[in-house]
Amino acid sequence: MTRIELITGDITGERVDAIVNAANSSLLGGGGVDGAIHRAGGPSILAECRELRATTLPDGLSVGDAVATGAGRLHARWVVHTVGPVWPGPGAEAEARRELLRAAYRNSLGLAARLGATSIALPAVSAGIYGWPADDAATLALAAASSAAADTVPGRVRFVLFSARMHDEFRAAAERLGITIELD
Ligand code: AR6
């Protein structure tokens, strides 16, 4: 049974096996949580990302995929980089991209589980610079974590939300979905 926790805070302070980064396809850094993770984790994470680009990912990481590096100075073993979709605005395209946001969570959780992570911290992927509506982002995130088969998700899943407002959105989404969560 997966334990899902909601906390408000800065994900770079987490002590877990794996920290998920809301990156972009270049893997070469950016703003938001991506910038914060690289700043706090130090240059080794970017060096590993450059190495991935030079070897297995010459065209970058596709939207919805996930890849792991070490975690540098962070209190974690791995950073799992994923790329969420940009919010396209309401309409048919939004439904297609929702599947990509689900995939970003599913692939991040699955990769961490395969690496042997028993705990993982995730931000609200796509809900910042990429503009995804907070209520839908929260619903997709929690549904992905709670519906995953036990061996495809670390036992402890912590959603680390950067604002009280996003924390409220996740709590409301958990209620709508009927998911039991632990609050810090
Ligand atoms: N800890 C936890 N959550 C955070 C932190 C932090 N330190 N900093 C921001 N957030 P965003 P995206 C929240 O914009 O929407 C980058 O430039 C933030 O409030 O980081 O997937 C990448 O390189 C929001 O709720 O990621 C890409 O180009 C959530 O994390 C692009 O932004 C995600 O916001 C990705 O955009």
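The following questions and answers examine how terms are applied to this predicted model.

Residues are numbered from 1 along each chain as its sequence is written. In this predicted model, local features need pLDDT of at least 70 and side-chain atom pairs count only at pLDDT 80 or more, totals for chains, interfaces and linings use all residues, and side-chain values use heavy atoms, with hydrogens and water left out.

Q: Why is N21 called buried?
A: Buried means under 20% relative accessible area, exposed over 50%, and partly exposed in between, with a 1.4 Å probe and protein chains only. N21 has a relative accessible area of 0%, and is therefore buried. N21 lies in strand β2, where a strand is a DSSP run of E with at least two residues, a helix is a run of H or I with at least four, and both are numbered from the N terminus.

Q: What makes the pair N21 and H81 a polar contact?
A: A polar contact is a pair of N or O atoms within 3.5 Å; within protein, one must be able to donate a hydrogen and the other to accept it, and residues adjacent in sequence count only if both atoms are side-chain atoms. The side chains of N21 and H81 make such a contact at 3.3 Å.

Q: Which residues does N21 touch, not counting those up to four places away in sequence?
A: Contact means heavy atoms within 4.5 Å. N21 touches V33, D34, I37, H38, V79, V80, H81 and T82. Among these, D34, I37 and H38 are buried residues of helix α1 (residues 32-41), and the cover of the buried residues of α1 includes β2, α2 and β4.

Q: What makes β2 and β5 a pair?
A: Two strands pair if DSSP finds at least two bridges between them. β2 and β5 have two bridges in the parallel sense, and I19 has A121 as its bridge partner in β5. Strand β5 is also joined to β6 (residues 156-161), in parallel, by four bridges.

Q: How is the protein known to be as compact as a globular protein of its length, and what is the value that shows this?
A: Read along the sequence, the pattern is β-β-α-α-β-β-α-β-α-β-α-β. The radius of gyration is taken over C-alpha atoms, and the globule rule is 2.2 Å times the number of residues to the power 0.38. The protein has a radius of gyration of 15 Å, close to the 16 Å from the rule for 184 residues, so the protein is as compact as a globular protein of that length.
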